[in-house]
Amino acid sequence: MKLQEYQAKNILSEYGAKIQAGKVATTADEVEKIAEEFDSMVVIKSQVLVGGRGKAGGIKLAKTPEEAREKAEKILGMQIKGLTVKKVLVAKAVDIADEAYLGLILDRNTKKIVMMASPQGGIDIEQVAKETPEQIFKIYIDPFLGIRPYSARYLIGKLYDNPDLIKQGIELAMKLYNIFVGVDAQLVEVNPLVITEQGEMICVDSKIILDDSGLMKHPDYLKLRNKDEYSQEELEAKEMGLSYVQLTGNIGCVVNGAGLSMATMDLVKHYGGEPANFLDVGGSSNPKKVVKALDIITRDKNVKVILFNIFGGITRCDDIAKGLIDAIAEFKPNIPIIARLTGTNETEGRKILKDADIPVFASMDDVVEQAVNLAK
Amino acid sequence: MAIFVDENTKVVVQGITGRDGAFHTKAMLDYGTKIVAGVTPGKGGQEVEGIPVFDTMLEAVNETGANTSIIFVPPKFSVNAIYEAAEAQIDLIVAITEGIPALDESRIFDFLKKKGTRMIGPNSPGIMSPGKSKVGILPAQIFKEGNVGVISRSGTLTYEIVYNLTETGFGQSTCIGIGGDPIIGTNFIDTLTAFESDSETSAVVLIGEIGGTDEQEAAEFIRDKMTKPVVAFIAGQNAPKGKRMGHAGAIISGSEGTAAEKIAKFNECGVSVAKIPSGIPELLQKN
């Protein structure tokens, strides 16, 4: 689960890290008021969950409260990569003497938390990794020891020479680690980590992604979920235990299991069609899931045909078939639906569909080829 | 022979009194798996399908000599269940549970490495050596005894491919679902190593998907260390970047982990990659 910049900064602040002073606003009036309060130059930053906000014109500097209002009027309501800006963070501008990068991720290969630092702050770390990989420094953290001051010192020493900055940096590194394990994060990043002209270390922008599987330990964070991260359909699917991702084609797919779902999309493409979605009904046999799946897919007006590809293991083919019959009765879709059912209770499932005149195919290749023909 | 599980596997089911635990205990017993014990804290003394239930793993192992554990415990309690199995000196843990936090998985991985315990999963459909033992939730009727080893990160896609293999006369030595999470106990290379030295395995099918770099490392391992033929399939060629495709493992981030990148690496290392799942038997014939 991705957090907005202001939400990430709130967590940073809770853990004692020094962040750039700022307040959230949803109207230009509020922005003007906050700018007056700060009595200094401010930065108005759109709060949307995509990168490249600055380039898109979603981050602006304002010298006076009046200018802040003008800029806010432009930013609020603007579209950035398809998302509407509804909130801005009004932050007190700082005099930047130095920008660095400090972040943590869980590395799949070593299966350890890795903390990364780079003197190249303020730009995308992936870009640094590509262009100047020698400018990225890493420490791998023992899962049971946790971060220790000596390893933090090694890393921060790559960023600064000044003993006072090194001391502040070590403290910040330890706090970021505490956040990472404290909230079950996937990513905790401060970029840029700024040293001001006055020699103060301040987190000017931050990104935190929470591990969805970790949320059961931190139910309070569930309310931080941003509706923007998912479409209405994706959210409804999630609530029902389905995984749904909308794509741009015209062949709706309902499949059980993530691997088979992806393979089905690939097969659609292989036979010359375009998948309209990824939809994994998951491992259980609840017919209600099938009803929801059809509800969601039929809302996509591009869809010309829906194919079911079910390989029953835990999932029972007859439950899927019953769900499909219920869904057709409820939504009366006027596009063809075809199915392939193999595995647990396939005979019962196929009979239910045949009795309802839904074409049933024996193999995944057959059902996909037929769907591609029907979509033409 | 086969790998990791065979006729000598003695299984304890953790979470045996739960809905899934009880259901699959019966299915495994029907297949002939030697299940010797179950564990559910607070339910010691009961029986499920005639199998004695214990309160703790230590009692279950001491009383029955179980060497393998299968975990059906919900995510909240499964972290402890895995540590408990390892501390009770279990050799192999098969973790079916989906939704264990990644940070916990990283600590578990580290602990099991120090203990010398093997874990398959989490988020795995389990492992099966046809005709010998099934420790998992795989649908037994589609499998057939034979000499092809199957390794996969997925569940139902594995069934699809096994079904194709069986239909075309290729039986299997062992099929193993290594799990869909980013952090798992046993990876492709561990499994390939075991298949390479297994006398009953003559060829291997590797089923990968988007996310991470395990497949790329496996490709190099096959080129450098394997004498047996390996054919592959990679799912997710049309998956959009940055979207989670059903489970946490299947996400492409940055420049790592696209299907195209993986397929290119296999080709470069001389491993044939099937274009579609039903293309695998033909590739096996050629190799």
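**Figure 1. The interface between domain 1 and domain 2 of chain B.** Together, domain 1 of chain B and domain 2 of chain B bury about 870 Å², and 55% of this area lies on carbon and sulfur atoms. The structure shown here and in the following views is a predicted model. Two residue pairs in polar contact, both at pLDDT 80 or more, are found across the interface of these two domains, whereas the number of salt bridges between them is zero. On the side of domain 1 that touches domain 2, helix 4 (102–115) and strand 7 (118–120) of chain B each provide at least two residues. Helix 4 of chain B gives the largest share of that side, four residues. Sorted by class, the side of domain 1 comprises six nonpolar, one polar and three charged residues.

**Figure 2. The domain arrangement of chain B.** The domain assignment places residues 10–120 of chain B in domain 1 and residues 139–286 in domain 2. A distance of 26 Å separates the C-alpha centres of domain 1 and domain 2 of chain B. Domain 1 contributes 10 residues to the contact and domain 2 contributes 12 residues.

**Figure 3. The surroundings of B:Thr174.** B:Thr174 belongs to strand 11 (residues 172–177) of chain B. This residue counts as buried because its relative accessibility is 0%. The side chain of B:Thr174 comes to 3.0 Å from the backbone nitrogen of B:Ile3. Beyond neighbours within four places in sequence, the residues in contact with B:Thr174 include B:Ala2, B:Ile127, B:Met128, B:Val148 and B:Phe195.

**Figure 4. The interface between chain A and chain B.** Chain A supplies 48 residues to the contact and chain B supplies 56 residues. The two chains bury about 4100 Å² between them, with 63% of it on carbon and sulfur atoms. Within chain A, the greatest losses of area to chain B fall on A:Arg108, A:Lys111 and A:Phe311, which together make up 19% of what that side buries.

**Figure 5. Polar and charged pairs between chain A and chain B.** Two salt bridges are counted between the chains. The side chains of A:Lys217 and B:Asp104 form a salt bridge, with an N to O distance of 2.9 Å. Nine residue pairs, both members at pLDDT 80 or more, are in polar contact across the interface of chain A and chain B. Among the elements of chain A that give two or more residues to the side touching chain B are helix 6 (163–182), helix 8 (258–270) and strand 16 (305–312). Helix 8 of chain A accounts for the largest share of this side, 10 residues. The side of chain A that touches chain B consists of 20 nonpolar, 13 polar and 15 charged residues.

Technical notes: Residues numbered from 1 in each chain as written. Chains lettered and ligands numbered in written order. Predicted model: local features only at pLDDT ≥ 70, side-chain atom pairs only at ≥ 80, totals over all residues. Heavy atoms only, no water. Contact = heavy atoms within 4.5 Å. Buried area = accessible area lost by both parts, 1.4 Å probe. Salt bridge = Lys/Arg side-chain N within 4 Å of Asp/Glu carboxyl O. Polar contact = N/O pair within 3.5 Å; in protein donor to acceptor, adjacent residues only side chain to side chain. Nonpolar A, V, L, I, M, F, W, Y, C, P; charged D, E, K, R; others polar. Buried < 20%, exposed > 50% of the residue type's maximum accessible area, 1.4 Å probe, protein only. Domains from an automatic or database assignment.
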